[in-house]
Amino acid sequence: MRTGNIGAFKLTHVASAYYKGDERNPQLQRIYGTAFKNKTEMDAYSKCWKRPRSAIIARLVRKMGLFAIDTEYVGPGLPLWLPKGTAIAEELEKLAKETEFAAGYVRVKTPHIAREKMYLTSGHLPVLYADSMFPPMEVHEHQARRKRRCQRVPRRSPSAIFSRP
């Protein structure tokens, strides 16, 4: 196909590698893509390859035993890390901590949720991540205290039932 006949194209992914595999050499970029005569052909191709790719990934995940997704109990897209996956995740976190420490960073821990004021102070709102964050929850202080007194707190996390051998 001549480039003049390309009516639609799609970048599929990018990759990088060091020249001759040596990290002291410059990093090279590869850009992968596909080209079609028109958008209809491109959409048909994308639709054909989307399903098999997802099925292959799902099969690999099950075979490797890294994590499970239980949409009924936990929710879609929320992995329950199995022992092998947990080991990999912990090694990655350890590497991240070592890299941050070597670069002079100091770690802090924050709650998973906080008042809107914190996100305004940090700059996450309104500029940086407003479009990708959940909207604020409205919780009245007197309701939160009353609920806290009435709730029964389980001794173990509900997700612990999934990790028993």
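## Salt bridges and helices

Begin by selecting lysine 39 and aspartate 43, which both belong to helix α1 (residues 39-64) and sit 4 residues apart, about one turn of the helix. The model is a predicted one. An α-helix has 3.6 residues a turn, so residues three or four places apart point the same way. Display the side chains of this pair: lysine 39 makes a salt bridge with aspartate 43, and the closest N and O atoms are 3.2 Å apart. Lysine 39 counts as exposed because its relative accessibility is 51%, and exposure requires over 50%. Aspartate 43, at 37% relative accessibility, counts as partly exposed.

Next, select helix α2, residues 83-102. This helix has 20 residues and reaches 28 Å from its first C-alpha to its last, close to the 28 Å expected at 1.5 Å a residue.

Within α2, show the side chains of glutamate 93 and lysine 97. What separates these two residues along helix α2? They are 4 residues apart, which means a separation of about one helical turn. A salt bridge joins glutamate 93 to lysine 97, with the closest N and O atoms 3.6 Å apart. Glutamate 93 is partly exposed, with a relative accessible area of 38%; lysine 97 is also partly exposed, with a relative accessibility of 38%.

Move on to glycine 104, which follows α2 and has a positive phi, near 90°.

Then select arginine 107 together with glutamate 100. How far apart are the closest N and O atoms of their salt bridge? The distance is 2.7 Å. Arginine 107 is partly exposed at 45% relative accessibility, and glutamate 100 is partly exposed with a relative accessible area of 27%.

For the last stop, select arginine 115. Where is this residue placed? Arginine 115 lies in the loop between α2 and α3 (116-122). Is arginine 115 buried or exposed? At 60% relative accessibility, arginine 115 counts as exposed, the cut-off being over 50%.

Key:
Residues numbered from 1 in each chain as written. Predicted model: local features only at pLDDT ≥ 70, side-chain atom pairs only at ≥ 80, totals over all residues. Heavy atoms only, no water. Salt bridge = Lys/Arg side-chain N within 4 Å of Asp/Glu carboxyl O. Buried < 20%, exposed > 50% of the residue type's maximum accessible area, 1.4 Å probe, protein only. Expected span 1.5 Å × (residues − 1).
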